[in-house]
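Visitor: I would like to go through a model and ask what stands behind each label. Please show it first.

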Amino acid sequence: MTDQLKRAISAAKTAQDNDQQAEATRIASSSAGDQTFDMSESSYKTSHTAIRKARRFAMQGLYEWLVTDRRFDIDGKLGWKANAPHDIAARTRATNAMHTVHIGYYHEMMRDIPEQIEALDALISQHLDRDINKLDTVEHAILLIGAYELQNRFEIPYKVILDEAMKLNNHFGATDAHKLINAVLDRMAVELRVIEIEADTKANLRTSQKAAAKQSEAQAVDTPEAATVETAETDSDNQPTASNKPRISANNASVKRNSASKASANISEFKANKKDADAKSQD
């Protein structure tokens, strides 16, 4: 074996050992609460589909956190807390194929939503008709994601946030849960997205005005054509047709009958004269 090949094998082993050590350090630091997520744009997918998948994984992670550490926190059983959001995120990445997921956004939601849970729950409770603790856990997790995005992600249109919440409910929630989720997020959007909703309302008004103007123009164009058709029909009524031509009167017919009678009289007179002439010639 040549020295060059030995050096290449040694370098490959060293690089592999370094990668394994870095991964072990990352997992250890994550478990200790020091979140060192790689948020560089080149490290994850950023398409709309990748963001949607990030919401799905975040919804599942928040659900797990709500039924474990968050519930123990509310009940005062702090000694039971052993399932922190960063541990859930690290475990999810280790057990799922995340190459098509917006990893940065997933980690952001798994970090920021638990940190803002008190404020987000207070915001949600303002628009609920029941105590937030009586919410289904899936509905609670979906509302947390929607409230977080409405409050912090102004680059995402509020209609997209509401639509994505409906998709999450269709995938994970109960059949009629979409009514409550849509109502709460819609009221929340009116409060948090005032400028956006006003602009959307004005745009809808302009669209309706343009549609009304086009309809009026179409009616104005149709009116002269109708008048032209009506005029043409009136003129046609005044013109003689096969049905309204003047009929021949009896007097006119008598003229023809008189002419025929004269012809018959002339023929009879001719025959009589001829008969007289024949009689004379015989005498």
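Guide: Start with contact: it means heavy atoms within 4.5 Å. Helices (H or I, at least four residues) and strands (E, at least two) are DSSP runs, numbered from the N terminus. Buried means under 20% relative accessible area, exposed over 50%, partly exposed in between (1.4 Å probe, protein chains only). This is a predicted model, where local features need pLDDT of at least 70, side-chain atom pairs count only at pLDDT 80 or more, and totals for chains, interfaces and linings use all residues. Residues are numbered from 1 along each chain as its sequence is written, and side-chain values use heavy atoms, with hydrogens and water left out.

Visitor: What do the buried residues of helix 6 pack against?

Guide: They pack against helix 2, helix 3 (69-75), helix 5, helix 7 and helix 9 (177-192). The buried residues of helix 6 (residues 117-125) are I117, L120, D121, L123 and I124.

Visitor: How do you know which side of helix 6 they are on?

Guide: By their arc, taken from the directions from the helix axis to the C-beta atoms. They cover an arc of only 160 degrees around the axis, so they sit on the same side of helix 6.

Visitor: How many helices and strands does the chain have?

Guide: The count is 11 helices and 0 strands. Of the 283 residues in the chain, 29% are buried.

Visitor: Why is the pair of F57 and Y106 called edge-to-face?

Guide: Rings of Phe, Tyr and Trp (its six-membered ring) pair if their centres lie within 6.5 Å; planes under 30 degrees apart count as stacked, over 60 as edge-to-face and the rest as tilted. The structure holds 2 aromatic pairs. For F57 and Y106 the centres are 6.3 Å apart and the planes stand at 75 degrees, so this pair is edge-to-face. F57 belongs to helix 2 (residues 48-67) and Y106 to helix 5 (residues 103-115), so the pair ties together parts 49 residues apart in sequence. F57 has a relative accessible area of 17%, so it is buried. Y106 is at 0%, so it is buried too.

Visitor: What makes the pair of F72 and W80 tilted?

Guide: The angle: 40 degrees between the planes, with 5.9 Å centre to centre. F72 is buried at 13%. W80 has 59% relative accessibility, so it counts as exposed.

Visitor: What makes K159 and D200 a salt bridge?

Guide: A salt bridge is a side-chain nitrogen of Lys or Arg within 4 Å of a carboxyl oxygen of Asp or Glu. The closest N and O atoms of K159 and D200 are 3.1 Å apart. K159 lies in helix 8 and D200 in helix 10 (residues 194-238), so the pair ties together parts 41 residues apart in sequence. At 47%, K159 is partly exposed. D200, at 21%, is partly exposed.

Visitor: Which residues are joined into one network?

Guide: R52, R55, E149 and E164, through salt bridges that share partners. E164 lies in helix 8 (residues 158-172). Its relative accessibility is 7%, so E164 counts as buried.

Visitor: Why does E139 have no salt bridge to R130?

Guide: Because the limit is 4 Å, and R130, the nearest side chain of opposite charge, is 5.0 Å away from E139. Here Lys and Arg count as positive and Asp and Glu as negative; His and the chain ends are not counted. E139 is buried and is found in helix 7 (residues 137-152). R130 does meet D129 in a salt bridge, at 3.1 Å, N to O.
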